[in-house]
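User: I would like a close look at one part of this model, the place where the two chains meet. Please go on from there to the charged side chains.

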Amino acid sequence: MATRPLYIPVILGTVRAGRMSLHAAQLVTGELAGRTGVETELIDIAEVPLPTNDAGEAIKDPQFSDRMSRADALVIVAPEYNHGYPGLLKHVLDSCLKEYIHKAVGIVGVSAGPFGGTREIENLLPVMRELGLVTIFWDVNFCSVQKVFAMDGKLRDEAYIFRIDKFLKELIWMAKTLRYGREQISLTNTVH
Amino acid sequence: MALAVQKMICPNCGVAMNHHCDKVIYLSQESDGGRPFDTMERIDEIYACPNCGGMGSRPSE
(Lines give C-alpha, C1' and ligand atoms only; values in the text may rest on other atoms or scores of the structure.)
Protein backbone atom coordinates (compact mmCIF):
# COMPACT_ATOMS: atom_id res chain seq x y z
CA MET A 1 0.00 0.00 0.00
CA ALA A 2 1.23 3.48 -0.75
CA THR A 3 2.80 5.28 2.20
CA ARG A 4 1.78 8.79 1.25
CA PRO A 5 -0.38 10.44 3.91
CA LEU A 6 -4.13 10.34 3.81
CA TYR A 7 -5.71 13.63 2.79
CA ILE A 8 -8.94 14.22 4.70
CA PRO A 9 -10.35 17.74 4.35
CA VAL A 10 -13.14 19.02 6.58
CA ILE A 11 -15.99 20.78 4.76
CA LEU A 12 -17.81 23.47 6.72
CA GLY A 13 -21.27 23.23 5.19
CA THR A 14 -22.96 26.50 6.08
CA VAL A 15 -22.51 30.14 5.16
CA ARG A 16 -24.93 31.58 7.70
CA ALA A 17 -23.68 34.55 9.70
CA GLY A 18 -22.85 33.68 13.29
CA ARG A 19 -22.56 29.97 12.49
CA MET A 20 -21.53 27.91 15.52
CA SER A 21 -20.64 25.03 13.17
CA LEU A 22 -17.39 26.88 12.51
CA HIS A 23 -16.23 26.00 16.02
CA ALA A 24 -17.12 22.33 15.52
CA ALA A 25 -15.32 22.26 12.17
CA GLN A 26 -12.22 23.87 13.64
CA LEU A 27 -12.22 21.37 16.51
CA VAL A 28 -12.47 18.35 14.19
CA THR A 29 -9.81 19.78 11.86
CA GLY A 30 -7.47 20.20 14.81
CA GLU A 31 -8.07 16.65 16.01
CA LEU A 32 -7.38 15.34 12.49
CA ALA A 33 -4.24 17.43 12.11
CA GLY A 34 -2.76 15.85 15.20
CA ARG A 35 -2.84 12.34 13.74
CA THR A 36 0.18 10.75 12.18
CA GLY A 37 -0.13 10.08 8.47
CA VAL A 38 -3.04 12.45 7.91
CA GLU A 39 -3.13 15.80 6.12
CA THR A 40 -6.18 17.98 6.51
CA GLU A 41 -7.52 21.47 5.98
CA LEU A 42 -10.77 23.27 6.57
CA ILE A 43 -12.78 24.03 3.44
CA ASP A 44 -15.36 26.74 4.07
CA ILE A 45 -18.11 26.57 1.44
CA ALA A 46 -18.53 30.32 1.82
CA GLU A 47 -15.13 30.61 0.13
CA VAL A 48 -15.90 28.29 -2.80
CA PRO A 49 -16.75 30.70 -5.62
CA LEU A 50 -19.82 29.15 -7.23
CA PRO A 51 -22.58 31.08 -9.00
CA THR A 52 -26.20 30.49 -8.04
CA ASN A 53 -27.69 31.02 -11.48
CA ASP A 54 -26.63 27.53 -12.59
CA ALA A 55 -25.82 24.27 -10.84
CA GLY A 56 -24.05 20.93 -11.11
CA GLU A 57 -20.77 20.09 -12.78
CA ALA A 58 -21.18 22.96 -15.21
CA ILE A 59 -20.10 25.37 -12.48
CA LYS A 60 -17.27 23.24 -11.05
CA ASP A 61 -14.60 25.25 -9.21
CA PRO A 62 -11.17 23.86 -10.26
CA GLN A 63 -9.62 24.29 -6.82
CA PHE A 64 -12.47 22.55 -5.02
CA SER A 65 -12.48 19.81 -7.65
CA ASP A 66 -8.74 19.25 -7.20
CA ARG A 67 -9.16 18.95 -3.45
CA MET A 68 -11.97 16.42 -3.85
CA SER A 69 -9.90 14.42 -6.35
CA ARG A 70 -6.97 14.34 -3.95
CA ALA A 71 -9.10 13.48 -0.92
CA ASP A 72 -9.15 9.98 0.55
CA ALA A 73 -12.05 10.85 2.81
CA LEU A 74 -14.22 13.81 3.77
CA VAL A 75 -15.63 15.15 7.00
CA ILE A 76 -18.77 17.20 6.48
CA VAL A 77 -19.74 19.51 9.32
CA ALA A 78 -23.22 20.86 8.82
CA PRO A 79 -25.98 22.36 10.93
CA GLU A 80 -29.59 21.30 10.78
CA TYR A 81 -31.84 23.96 9.25
CA ASN A 82 -35.58 23.17 9.33
CA HIS A 83 -34.84 19.44 9.69
CA GLY A 84 -32.58 19.47 6.61
CA TYR A 85 -29.04 20.25 5.51
CA PRO A 86 -28.10 23.69 4.19
CA GLY A 87 -29.00 24.22 0.55
CA LEU A 88 -25.67 25.77 -0.30
CA LEU A 89 -23.87 22.67 0.97
CA LYS A 90 -25.78 20.60 -1.60
CA HIS A 91 -25.01 23.22 -4.24
CA VAL A 92 -21.28 22.88 -3.59
CA LEU A 93 -21.31 19.07 -3.34
CA ASP A 94 -23.25 18.77 -6.61
CA SER A 95 -20.51 20.61 -8.48
CA CYS A 96 -18.38 17.44 -8.45
CA LEU A 97 -19.18 13.79 -9.11
CA LYS A 98 -16.40 11.43 -10.18
CA GLU A 99 -14.10 13.08 -7.63
CA TYR A 100 -15.97 11.39 -4.76
CA ILE A 101 -16.24 7.82 -5.96
CA HIS A 102 -15.24 5.10 -3.46
CA LYS A 103 -14.08 7.58 -0.83
CA ALA A 104 -15.10 7.64 2.82
CA VAL A 105 -17.24 10.30 4.42
CA GLY A 106 -18.17 11.04 8.00
CA ILE A 107 -20.81 13.56 9.00
CA VAL A 108 -20.83 15.91 11.97
CA GLY A 109 -24.26 17.30 12.82
CA VAL A 110 -24.78 20.55 14.68
CA SER A 111 -27.93 22.00 16.16
CA ALA A 112 -29.15 24.41 18.78
CA GLY A 113 -31.64 21.79 19.97
CA PRO A 114 -31.26 18.41 21.64
CA PHE A 115 -30.90 16.17 18.57
CA GLY A 116 -27.52 17.36 17.30
CA GLY A 117 -28.38 17.32 13.63
CA THR A 118 -29.59 13.72 13.50
CA ARG A 119 -32.40 14.53 11.04
CA GLU A 120 -30.07 16.46 8.79
CA ILE A 121 -27.60 13.55 8.79
CA GLU A 122 -30.34 11.08 7.85
CA ASN A 123 -31.30 13.34 4.95
CA LEU A 124 -27.71 13.56 3.77
CA LEU A 125 -27.10 9.81 3.63
CA PRO A 126 -28.87 9.09 0.31
CA VAL A 127 -27.10 12.08 -1.22
CA MET A 128 -23.74 10.69 -0.12
CA ARG A 129 -24.55 7.33 -1.68
CA GLU A 130 -25.53 8.82 -5.03
CA LEU A 131 -22.31 10.85 -5.10
CA GLY A 132 -20.35 7.61 -4.71
CA LEU A 133 -19.15 8.35 -1.18
CA VAL A 134 -19.08 5.58 1.42
CA THR A 135 -20.51 6.58 4.77
CA ILE A 136 -19.21 5.40 8.11
CA PHE A 137 -21.65 4.58 10.90
CA TRP A 138 -20.16 6.83 13.56
CA ASP A 139 -21.45 10.40 13.60
CA VAL A 140 -20.66 13.27 15.89
CA ASN A 141 -23.70 15.19 17.11
CA PHE A 142 -23.21 18.61 18.64
CA CYS A 143 -26.42 19.12 20.63
CA SER A 144 -27.26 22.53 22.10
CA VAL A 145 -24.13 23.79 20.40
CA GLN A 146 -24.36 27.20 22.03
CA LYS A 147 -23.57 25.45 25.32
CA VAL A 148 -20.78 23.25 23.92
CA PHE A 149 -18.62 26.14 22.74
CA ALA A 150 -17.88 29.52 24.24
CA MET A 151 -18.34 32.46 21.88
CA ASP A 152 -14.59 32.48 21.22
CA GLY A 153 -14.77 28.85 20.09
CA LYS A 154 -13.31 27.28 23.22
CA LEU A 155 -14.69 23.80 23.88
CA ARG A 156 -16.64 23.60 27.14
CA ASP A 157 -17.47 19.88 27.08
CA GLU A 158 -14.39 17.67 26.85
CA ALA A 159 -16.53 14.56 26.28
CA TYR A 160 -16.63 15.54 22.63
CA ILE A 161 -12.92 14.78 22.28
CA PHE A 162 -13.63 11.10 23.05
CA ARG A 163 -16.52 10.99 20.57
CA ILE A 164 -14.48 12.66 17.84
CA ASP A 165 -11.66 10.19 18.44
CA LYS A 166 -14.02 7.23 17.86
CA PHE A 167 -15.44 8.92 14.77
CA LEU A 168 -12.02 9.66 13.27
CA LYS A 169 -10.66 6.20 13.97
CA GLU A 170 -13.41 4.62 11.92
CA LEU A 171 -13.13 7.24 9.20
CA ILE A 172 -9.38 6.67 8.84
CA TRP A 173 -9.87 2.89 8.77
CA MET A 174 -12.43 3.29 5.99
CA ALA A 175 -10.22 5.76 4.13
CA LYS A 176 -7.29 3.33 4.15
CA THR A 177 -9.48 0.42 3.12
CA LEU A 178 -11.09 2.30 0.25
CA ARG A 179 -7.76 3.69 -0.94
CA TYR A 180 -6.44 0.14 -1.14
CA GLY A 181 -9.54 -0.93 -3.04
CA ARG A 182 -9.44 1.98 -5.47
CA GLU A 183 -5.80 1.49 -6.29
CA GLN A 184 -5.34 -2.27 -6.03
CA ILE A 185 -8.58 -4.18 -6.57
CA SER A 186 -9.80 -4.36 -10.13
CA LEU A 187 -13.51 -4.24 -10.86
CA THR A 188 -13.06 -6.44 -13.91
CA ASN A 189 -10.86 -9.10 -12.29
CA THR A 190 -13.09 -9.73 -9.31
CA VAL A 191 -13.38 -13.42 -8.36
CA HIS A 192 -16.95 -14.70 -8.68
CA MET B 1 -14.80 -3.49 -21.52
CA ALA B 2 -12.22 -0.96 -22.56
CA LEU B 3 -9.80 -2.27 -19.91
CA ALA B 4 -9.32 -5.49 -21.87
CA VAL B 5 -8.45 -3.47 -24.96
CA GLN B 6 -6.23 -0.75 -23.61
CA LYS B 7 -4.88 0.04 -20.16
CA MET B 8 -5.51 3.44 -18.66
CA ILE B 9 -2.15 5.07 -17.97
CA CYS B 10 -1.67 7.62 -15.19
CA PRO B 11 -0.69 10.95 -16.76
CA ASN B 12 1.45 11.77 -13.72
CA CYS B 13 3.32 8.48 -13.18
CA GLY B 14 3.03 6.56 -16.43
CA VAL B 15 1.89 3.42 -14.64
CA ALA B 16 -1.23 1.37 -15.37
CA MET B 17 -4.22 2.57 -13.37
CA ASN B 18 -6.71 0.36 -11.57
CA HIS B 19 -10.29 0.21 -12.86
CA HIS B 20 -12.35 0.23 -9.64
CA CYS B 21 -15.77 1.49 -10.65
CA ASP B 22 -18.27 2.04 -13.44
CA LYS B 23 -20.47 5.09 -13.07
CA VAL B 24 -23.65 5.94 -14.94
CA ILE B 25 -23.47 9.53 -16.13
CA TYR B 26 -26.85 11.09 -16.81
CA LEU B 27 -26.21 13.58 -19.55
CA SER B 28 -29.47 15.30 -18.80
CA GLN B 29 -27.95 16.25 -15.45
CA GLU B 30 -25.17 17.99 -17.28
CA SER B 31 -27.29 19.80 -19.84
CA ASP B 32 -30.61 19.82 -17.96
CA GLY B 33 -32.15 18.93 -21.30
CA GLY B 34 -35.05 17.10 -19.69
CA ARG B 35 -34.96 14.30 -22.28
CA PRO B 36 -35.55 10.62 -21.42
CA PHE B 37 -32.65 8.97 -19.62
CA ASP B 38 -32.50 6.01 -21.99
CA THR B 39 -31.16 8.26 -24.70
CA MET B 40 -29.20 10.53 -22.40
CA GLU B 41 -26.82 8.40 -20.42
CA ARG B 42 -23.46 6.74 -20.73
CA ILE B 43 -21.25 4.60 -18.52
CA ASP B 44 -17.82 5.89 -17.54
CA GLU B 45 -15.02 3.69 -16.22
CA ILE B 46 -13.33 5.18 -13.14
CA TYR B 47 -9.63 4.55 -12.49
CA ALA B 48 -7.15 5.21 -9.68
CA CYS B 49 -3.36 5.25 -9.85
CA PRO B 50 -1.70 2.76 -7.46
CA ASN B 51 1.36 5.00 -7.27
CA CYS B 52 0.12 8.57 -6.78
CA GLY B 53 -3.58 8.00 -6.13
CA GLY B 54 -4.55 10.16 -9.08
CA MET B 55 -7.93 9.64 -10.69
CA GLY B 56 -8.99 9.11 -14.26
CA SER B 57 -12.07 8.18 -16.24
CA ARG B 58 -13.17 7.38 -19.75
CA PRO B 59 -16.37 6.28 -21.45
CA SER B 60 -16.89 2.53 -21.44
CA GLU B 61 -16.69 0.91 -24.86
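Analyst: In this predicted model, the area buried between chain A and chain B is about 1700 Å². Carbon and sulfur atoms give 57% of that area. On the side of chain A, the residues A:Lys98, A:Ile101 and A:Leu187 supply 33% of the area that chain A buries against chain B, which is more than any other three residues. Counted by residues, the interface joins 19 residues of chain A to 21 residues of chain B.

Polar links also cross this interface. The rule finds 11 residue pairs in polar contact between chain A and chain B. Helix 6 of chain A, residues 159-184, gives the largest share of the side that touches chain B, with 4 residues. Sorted by type, the residues on that side of chain A divide into 5 nonpolar, 6 polar and 8 charged.

Between chain A and chain B there are 2 salt bridges. One of them pairs B:Lys23 with A:Glu130, and their closest N and O atoms are 3.7 Å apart. A pair counts as a salt bridge when the nitrogen lies within 4 Å of the carboxyl oxygen, so the 3.7 Å between B:Lys23 and A:Glu130 meets the rule.

Over all chains, the count by this rule comes to 16 salt bridges. One of these is formed by A:Glu99 and A:Lys60, with the closest N and O atoms 2.8 Å apart. This pair links distant parts of the chain, 39 residues apart. A:Glu99 is in the loop between helix 3 (87-93) and strand 6 (103-110) of chain A, while A:Lys60 is in the loop between strand 4 (42-44) and helix 2 (62-70) of chain A. A:Glu99 is buried, with a relative accessible area of 7%, whereas A:Lys60 is partly exposed at 28%.

A second salt bridge joins A:Glu80 to A:Arg119, where the closest N and O atoms are 2.8 Å apart. Here too the partners come from distant parts of the chain, 39 residues apart. A:Glu80 belongs to the loop between strand 5 (73-79) and helix 3 of chain A, and A:Arg119 to helix 4 of chain A. A relative accessible area of 13% makes A:Glu80 buried, and A:Arg119 counts as partly exposed at 31%.

Helix 4 of chain A, residues 118-131, also holds A:Glu120. This residue is buried yet has no salt bridge. The nearest side chain of opposite charge to A:Glu120 is A:Arg119, 8.9 Å away. Leaving aside its neighbours within four places in sequence, A:Glu120 is in contact with residues including A:Ala78, A:Pro79, A:Glu80 and A:His83. Among the others it touches are A:Tyr85, A:Ile107 and A:Val110. A:Glu80, the partner of A:Arg119 in a salt bridge, is therefore also a contact of A:Glu120, the cut-off for contact being 4.5 Å.

In chain B, the side chains of B:Arg42 and B:Asp44 meet in a salt bridge, at 2.7 Å from N to O. B:Arg42 is partly exposed, with a relative accessible area of 29%, but B:Asp44 is buried at 1%. Back in chain A, a network of salt bridges links A:Arg35, A:Asp165 and A:Lys169.

Notes
Residues are numbered from 1 along each chain as its sequence is written. Chains are lettered from A and ligands numbered from 1 in the order in which they are written. This is a predicted model: local features need pLDDT of at least 70, side-chain atom pairs count only at pLDDT 80 or more; totals for chains, interfaces and linings use all residues. Side-chain values use heavy atoms; hydrogens and water are left out. Buried area is the accessible area (1.4 Å probe) that two parts lose on being put together, summed over both. A polar contact is a pair of N or O atoms within 3.5 Å; within protein, one must be able to donate a hydrogen and the other to accept it, and residues adjacent in sequence count only if both atoms are side-chain atoms. Helices (H or I, at least four residues) and strands (E, at least two) are DSSP runs, numbered from the N terminus. Ala, Val, Leu, Ile, Met, Phe, Trp, Tyr, Cys and Pro count as nonpolar, Asp, Glu, Lys and Arg as charged, and the others, Gly among them, as polar. Buried means under 20% relative accessible area, exposed over 50%, partly exposed in between (1.4 Å probe, protein chains only). Lys and Arg count as positive and Asp and Glu as negative; His and the chain ends are not counted.
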